[in-house]
Amino acid sequence: MPDAARNLTIPANTGTGTTADPVVTSLGGRAGERGVMLYHATSTIGRANRQDVTITFSRPVRGLKFWVTDIDTITSPAYSDRVELVGYSSSNAVVGFGFANDGVTGSGTQADPWLRASNANVNENAAGAQVSVDFTATSPTAATDVKRIVLTYWNATGGTQYHRIYLGNLSFTAIGC
């Protein structure tokens, strides 16, 4: 039986169709996929106004994979999503990851965040503004197991326009279960 205190359940999203509650049926074009929405109603320009989301696992995990979806940019009203990611082992060492960009550029670091270079507001139910992240090591060890990730989300152009990204299709194997 699932332990409600230790499990995250993403309910089906029928949405109301409003900006803060969109209808998400196929996150990133993957039928039936749901995700966690990170939403900024409005934002000030720059990384200093970022949102940091930390996910800490109760024990290290292997094979951590997920998608970051709806990374887009528009010029009017202006906003331009920027996304960074870092993973840490139990010893607080940085754990490397692989990624596959779909319609975005960058490597997900502070110096080179993921972003959509072209002026396009891609719908959250469509592919083309996302990245697949994979912490799977060729030879897994405690040094490559992930204990914590920090996802940083910010707006490079400011403005009054809302913007959002999604974290979806999270999968992993807990070590020691």
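In what sense do strand β2 (residues 51–69) and strand β7 (residues 130–134) pair, and over how many bridges? The two strands are antiparallel and share 5 bridges. Pairing requires that DSSP find at least two bridges between two strands. The model is predicted: local features need pLDDT of at least 70, side-chain atom pairs count only at pLDDT 80 or more, and totals for chains, interfaces and linings use all residues. Residues are numbered from 1 along each chain as its sequence is written, and side-chain values use heavy atoms, without hydrogens and water.

The protein has 9 strands and 0 helices. Both are DSSP runs numbered from the N terminus: helices are H or I with at least four residues, strands E with at least two. Of its 177 residues, 38% count as buried, that is, under 20% relative accessible area with a 1.4 Å probe, protein chains only. Among contacts (heavy atoms within 4.5 Å) with a separation of 6 or more, 78% link residues 24 or more positions apart.

Thr 73 lies in strand β3 (residues 73–75). Thr 73 counts as buried because its relative accessibility is 10%. Its side chain makes a polar contact of 2.9 Å with that of Ser 80. Such a contact is a pair of N or O atoms within 3.5 Å; within protein, one must be able to donate a hydrogen and the other to accept it, and residues adjacent in sequence count only if both atoms are side-chain atoms. A polar side-chain atom of Thr 73 also lies 2.8 Å from the backbone oxygen of Arg 116.

Definitions and conventions
Buried < 20%, exposed > 50% of the residue type's maximum accessible area, 1.4 Å probe, protein only.
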